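Q: Please take a close look at the aromatic rings in this model, and go on from there to the pockets and a few individual residues. I would like the cut-offs spelled out along the way.

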Amino acid sequence: MQIFAASCLLSVASPPMTGGAMVVENGRIAAVGPLAELRRTWPGPVRDFPGGVIMPGLVNAHTHLELTHFPAWKIRKGLHYMPRTYADWIMQVIKIRRGLTATELAHSVAEGIAKCLETGTTTVGEILSERSLLPHYTTSALGGRIFFEALGMEPARCARLAADLYEALTSFPSGRLLPGISPHAPHTVVGPFFSRLAAMGKELGVPLMTHLAESQEELRFFHDTTGDLAEQIYPFAGWEDYLPAPRHTTPTAFLDALELLDANMTAVHAVQITPSDADILARRGVAVVLCPRSNERLAVGTAPAALLKKAGIPLALGTDSLASNDSLSLWDEMRFLLDRQPLFSPAEVLAMATLGGAHALRLAHEVGSIEIGKRADFLVVTAPPAVTADSLYTGIIGQSQLEHVFCAGEEL
């Protein structure tokens with residue numbers, strides 16, 4: 001048992017506490033309060049961080065750590081062109097991903113985990129397509145959820161994937177990481193297969209995460225089955241026989257008509273959503289993970305912040321992968337969002353990168369804030385002196401220095 005104290009303790013779930021401290025016992029937070037008060041009731045040693053701020057570990061709610069070495073793979077494979085469209089980028093990712101060895105992918109995952117931890121991300125919502133890589137995650141200090149990715153159109157292949165996925169979920173090792181399911185996107189997972197995955201999630205009590213309304217191409221595909229997805233991606237994947245008739249709907253409305261949107265689902269991106277779509281997501285209790293730097297890199301647009309905020313949709317932050325971003329740092333993501341979306345306050349953005357992410361991963365009972373009973377995943381940062389709570393959040397996001405990273409009470 002040990003007491004950790006700092007000049008300020010930032011719970012995220014409650015106002016900042018000057019001179020705050022917390023008790024960590026067996027990897028969990030046993031008490032939170034003023035240092036003097038805790039000292040009277042807890043006899044353990046005190047580790048003090050004068051001038052520091054204790055805050056929750058960051059929660060990167062959407063990652064693809066398999067692709068951490070993507071920039072190097074592009075150069076090596078001679079495919080280091082800048083895609084002109086979203087569809088071009090998808091095809092580039094597929095071309096590069098094909099032919100990679102298990103060793104190359106393992107090294108990429110290891111580097112991604114290291115980059116997360118060294119920048120203060122202690123929890124991730126990781127999309128994993130190659131399930132043989134799972135041991136590289138479970139032996140690390142990283143926590144969160146591993147969402148097993150699934151996509152497909154052919155009925156026989158989808159049936160095999162569903163059976164394999166069920167076995168992987170029911171044999172998932174216990175530990176800091178929990179399982180999830182990721183139907184890739186409504187345009188890459190045929191409706192019956194998507195429904196089967198959703199039913200599997202409910203049966204096994206695991207959440208789902210899907211890419212939703214990321215690009216204009218996706219809207220065109222769902223409206224009249226035209227555009228790059230129909231004309232380039234489907235032929236490239238050998239899915240010509242599975243092109244649907246024009247549906248004259250949006251991806252969000254399509255999933256809602258199949259009764260697949262509920263509080264067990266998290267949507268990633270939500271760039272191209274309408275007011276009606278936002279109303280659906282809000283009513284169904286779907287959380288949304290924003291990936292603003294990835295969206296800008298792929299030129300797919302900007303998520304409608306005012307619409308999402310007005311609808312009361314729970315929001316989180318993710319970096320996506322290094323196939324569409326410059327870093328895996330949530331500090332970079334927070335600063336970028338504040339610069340591009342001034343509608344959000346620094347306090348709201350920091351909440352998205354901590355408790356909001358935990359909520360999106362269905363892990364808010366475990367991480368995301370400094371509260372009794374939660375796992376002791378926390379950071380110590382130094383920031384310029386703050387006069388108000390607003391200036392504290394501004395200083396932490398914009399000018400702080402990360403000094404220490406703790407996972408389950410153990411310093412990395």
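A: Let's begin with Tyr 234, which is buried because its relative accessible area is 2%. Buried here means under 20% relative accessible area, exposed means over 50%, and partly exposed lies in between, with a 1.4 Å probe and protein chains only. The model is predicted, so local features need pLDDT of at least 70 and side-chain atom pairs count only at pLDDT 80 or more, while totals for chains, interfaces and linings use all residues. Residues are numbered from 1 along each chain as its sequence is written, and side-chain values use heavy atoms, leaving out hydrogens and water.

Trp 239 is buried as well, at 8% relative accessible area. Ring pairs join Tyr 234 and Trp 239 with Phe 221, Phe 222 and Phe 254 in a cluster. For the pairing rule, rings of Phe, Tyr and Trp (its six-membered ring) pair if their centres lie within 6.5 Å; planes under 30 degrees apart are stacked, over 60 edge-to-face, and the rest tilted. That rule gives 10 aromatic pairs. One of them brings together Phe 4 and Phe 378: the ring centres are 5.1 Å apart and the planes meet at 65 degrees, so the pair is edge-to-face. This pair links distant parts of the chain, with Phe 4 in strand E1 and Phe 378 in strand E14 (residues 378-382), 374 residues apart. Strands (E, at least two residues) and helices (H or I, at least four) are DSSP runs, numbered from the N terminus. Phe 4 is buried at 1% relative accessible area, and Phe 378 is buried at 0%.

Setting aside neighbours within four places in sequence, Leu 379 is in contact (heavy atoms within 4.5 Å) with residues including Val 53, Met 55, Trp 331, Leu 402 and His 404.

On a 1 Å grid over the protein atoms alone, a pocket is an open set of points where a 1.4 Å probe fits, with protein on both sides within 12 Å along at least five of seven lines; lining residues have an atom within 4 Å of a point. Grid points are joined across faces, edges and corners, and a volume is the space filled by probe spheres set on the points.

The largest pocket holds about 1100 Å³ of space. Its lining has 33 residues, and Ile 94, Ser 129, Glu 149, Leu 151 and His 184 lie nearest its centre. Helix H3 (86-97), strand E8 (143-150), helix H6 (155-170) and helix H9 (228-237) each give two or more residues to this lining, with the largest share, six residues, coming from H3. By class, the lining has 14 nonpolar, nine polar and 10 charged residues. Nonpolar covers Ala, Val, Leu, Ile, Met, Phe, Trp, Tyr, Cys and Pro; charged covers Asp, Glu, Lys and Arg; the others, Gly among them, are polar.

The second largest pocket has a volume of about 230 Å³. Of its 16 lining residues, Ser 7, Cys 8, Val 53, Ala 386 and Leu 392 are closest to the centre. Strands E1 (2-9), E2 (17-18) and E5 (46-56) and helix H16 (389-399) give two or more residues to this lining, and E5 has the largest share with three. The lining has 11 nonpolar, five polar and no charged residues.

The side chains of His 269 and Asn 295 form a polar contact of 3.1 Å. Such a contact is a pair of N or O atoms within 3.5 Å; within protein, one must be able to donate a hydrogen and the other to accept it, and residues adjacent in sequence count only if both atoms are side-chain atoms.

Finally, some backbone angles. Most residues other than glycine have a negative phi, and most peptide bonds are trans. Glu 259, in the loop between H10 and E11, has a positive phi of about 60 degrees although it is not a glycine, and it is exposed at 68% relative accessible area. Arg 362, in the loop between helix H15 (346-360) and E14, has a positive phi near 60 degrees.
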